[in-house]
Amino acid sequence: MSLVVNNLSKRYGDVAVFEHVSLTVAPGEFVAIVGASGVGKSTLLNCIAGLDSWDAGTVVLDGVDLGTLGDDAKALLRREKVGFVFQAFHVLPHLD
């Protein structure tokens with residue numbers, strides 16, 4: 001599976017979380033996104049996974065432009081192609 005992020009930007013009002021982020025991850029390649037607390041790493045990953053929207057640029061996962069998909073199609077793509085461990089997760093007491 002490949003990932004191509006091209007010129008991605010995200011803002012909250014007048015504050016840029018990140019701007020003009022581009023990267024390509026080839027099938028089988030491992031990439032680490034590192035940086036100080038509060039610089040937008042989690043927001044970037046949420047955008048790449050289609051969990052959050054972005055203001056400019058594209059995210060193409062395995063040939064599919066996430067920006068063209070609705071919520072249901074994004075959820076299906078994540079279920080089939082994306083593994084995601086959240087930084088802060090909550091155990092649901094009613095599930096084992």
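Predicted model: local features only at pLDDT ≥ 70, side-chain atom pairs only at ≥ 80, totals over all residues.
**Starting from one residue**

Me: Okay, and where does His20 sit?
Reply: You'll find His20 in strand 2, which covers residues 15-25.

Me: What about its backbone, what is the phi of His20?
Reply: His20 has a positive phi of about 55 degrees, although it isn't a glycine.

Me: Let's look at Asp62 then. What is its phi?
Reply: Asp62 isn't a glycine, yet its phi is positive, at about 55 degrees.

Me: Where is Asp62?
Reply: Asp62 lies in the loop between strand 3 and strand 4. Those two strands form a hairpin with 2 residues between them.

Me: And how exposed is Asp62?
Reply: Asp62 is partly exposed, with a relative accessible area of 34%.

Me: Which residue does Val60 stand opposite in strand 4?
Reply: Asp65 is the residue in strand 4 that Val60 stands opposite.

Me: Now strand 1. Over how many bridges does it pair with strand 3?
Reply: Strand 1 (residues 3-12) and strand 3 (residues 56-61) share 5 bridges, and the pairing is antiparallel. As one example, Ser9 has Ala56 of strand 3 as its bridge partner.

Me: Time to zoom out. How many helices and strands are there in the protein?
Reply: The secondary structure comes to 2 helices and 4 strands. Going along the sequence, the pattern is β-β-α-β-β-α.

Me: What share of the residues counts as buried?
Reply: The protein has 96 residues, and 23% of them count as buried.

Me: What about the surface, how much of it belongs to carbon and sulfur atoms?
Reply: Carbon and sulfur atoms take 56% of the accessible surface, which comes to about 6,700 Å² for the protein.

Me: Last thing, contacts. What part of them joins residues at least 24 apart?
Reply: If you take contacts between residues at least 6 apart in sequence, 49% join residues at least 24 apart.

Conventions
Residues numbered from 1 in each chain as written. Heavy atoms only, no water. Pairing = 2+ DSSP bridges. Buried < 20%, exposed > 50% of the residue type's maximum accessible area, 1.4 Å probe, protein only. Contact = heavy atoms within 4.5 Å. Areas by Shrake-Rupley, 256 points an atom, 1.4 Å probe, with all protein chains shown as cover.
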